[in-house]
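Visitor: I would like to go through the terms used for this protein one by one. Please set each value against its cut-off.

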Amino acid sequence: MTLTDPEEPTFLRMPSDGRSKEWPGPWIGFQGIGTPLFRLVFDLADSPWKSARWHVAVLGLYDPRCNGIPLAPGHRLNEYTDFWKRVYFQTFDVASLLRPGSNVLALALSGGYCEQFGFAPPGFRSVLEIELTDGTKIR
């Protein structure tokens with residue numbers, strides 16, 4: 001999947017530290033019928049964390065969850081935009097939903113404006129930023 005129009009490139013910028021950075025990692029998506037569920041299972045040590053934010057940019061509609069808890073109950077998120085020029089992201093504060101040991105971030109993904117108007121099949125990019133109480137940042 002590509003987000004770059006040869007005449008007008010599209011970039012995603014990380015929001016966390018106020019400076020512009022490109023998002024890490026590739027676009028993840030699917031082509032086909034249905035609503036796939038993407039899951040990231042990860043372990044957190046007993047080290048206490050000060051903050052945890054999950055930044056998500058999506059082409060399509062999505063239903064984000066942290067440890068099974070809906071982050072936007074009753075809603076499929078995303079808004080219309082000119083996908084050749086910009087892709088909006090949303091940030092979820094998940095600090096209170098994380099726990100020591102095993103955790104799961106999940107995202108159900110389906111088509112939306114971008115697919116309806118022929119821009120691209122559904123896809124997403126995301127990054128979880130955790131800051132420990134000692135100032136260490138984990139991404």
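Guide: What follows is a set of questions on terms and the values behind them. The model is predicted, so local features need pLDDT of at least 70 and side-chain atom pairs count only at pLDDT 80 or more, while totals for chains, interfaces and linings use all residues. Residues are numbered from 1 along each chain as its sequence is written, and side-chain values use heavy atoms, with hydrogens and water left out.

Visitor: How many helices and strands are there, and what makes a run count as one?

Guide: The protein has one helix and nine strands. Both are DSSP runs numbered from the N terminus: a helix is H or I over at least four residues, a strand is E over at least two. From the N terminus on, the order is β-β-β-β-β-β-β-α-β-β. K137 lies in strand β9, residues 137–138.

Visitor: Why is N67 called buried?

Guide: Buried means under 20% relative accessible area, exposed means over 50%, and partly exposed is in between, with a 1.4 Å probe and protein chains only. N67 has 16% relative accessibility, so N67 counts as buried. Its place is in the loop between β4 (61–66) and β5 (69–70). In the protein, buried residues make up 40% of the 139 residues.

Visitor: What is the phi of N67?

Guide: The phi of N67 is positive, about 50°, although N67 is not a glycine. Most residues other than glycine have a negative phi.

Visitor: What makes the link between N67 and N103 a polar contact?

Guide: A polar contact is a pair of N or O atoms within 3.5 Å; within protein, one must be able to donate a hydrogen and the other to accept it, and residues adjacent in sequence count only if both atoms are side-chain atoms. The side chains of N67 and N103 are joined by such a contact at 2.8 Å.

Visitor: Which residues does N67 contact, leaving aside neighbours within four places in sequence?

Guide: Contact means heavy atoms within 4.5 Å. With those neighbours left aside, N67 is in contact with L97, L98, R99, S102, N103 and V104. For the protein, 78% of the contacts with a separation of 6 or more are between residues 24 or more positions apart.

Visitor: Why is V41 called partly exposed?

Guide: V41 has 48% relative accessibility, so V41 counts as partly exposed. V41 is in strand β2 and touches S102, N103 and V104, not counting residues up to four places away in sequence. V41 and N103 are 62 residues apart along the chain, with their C-alpha atoms separated by 5.7 Å.

Visitor: What makes a group of residues a nonpolar core?

Guide: A nonpolar core is a set of buried Ala, Val, Leu, Ile, Met, Phe, Trp, Tyr and Cys residues joined through side-chain atoms within 4.5 Å. The largest one has 22 residues, of which W54, V94, L98 and I130 touch the most other members. β2, β3 (49–59), β4, β7 and β8 each give two or more residues to this core, and β3 gives the most, with five residues. Apart from this core lies another of eight residues, among them W27, V87, F119 and A120.

Visitor: What makes a space a pocket, and which residues lie nearest the centre of the largest pocket?

Guide: On a 1 Å grid over the protein atoms alone, a pocket is an open set of points where a 1.4 Å probe fits, with protein on both sides within 12 Å along at least five of seven lines; lining residues have an atom within 4 Å of a point. The largest pocket is lined by 21 residues, and L40, L105, S126, V127 and L128 lie nearest its centre. β8 supplies the largest share of the lining, six residues.
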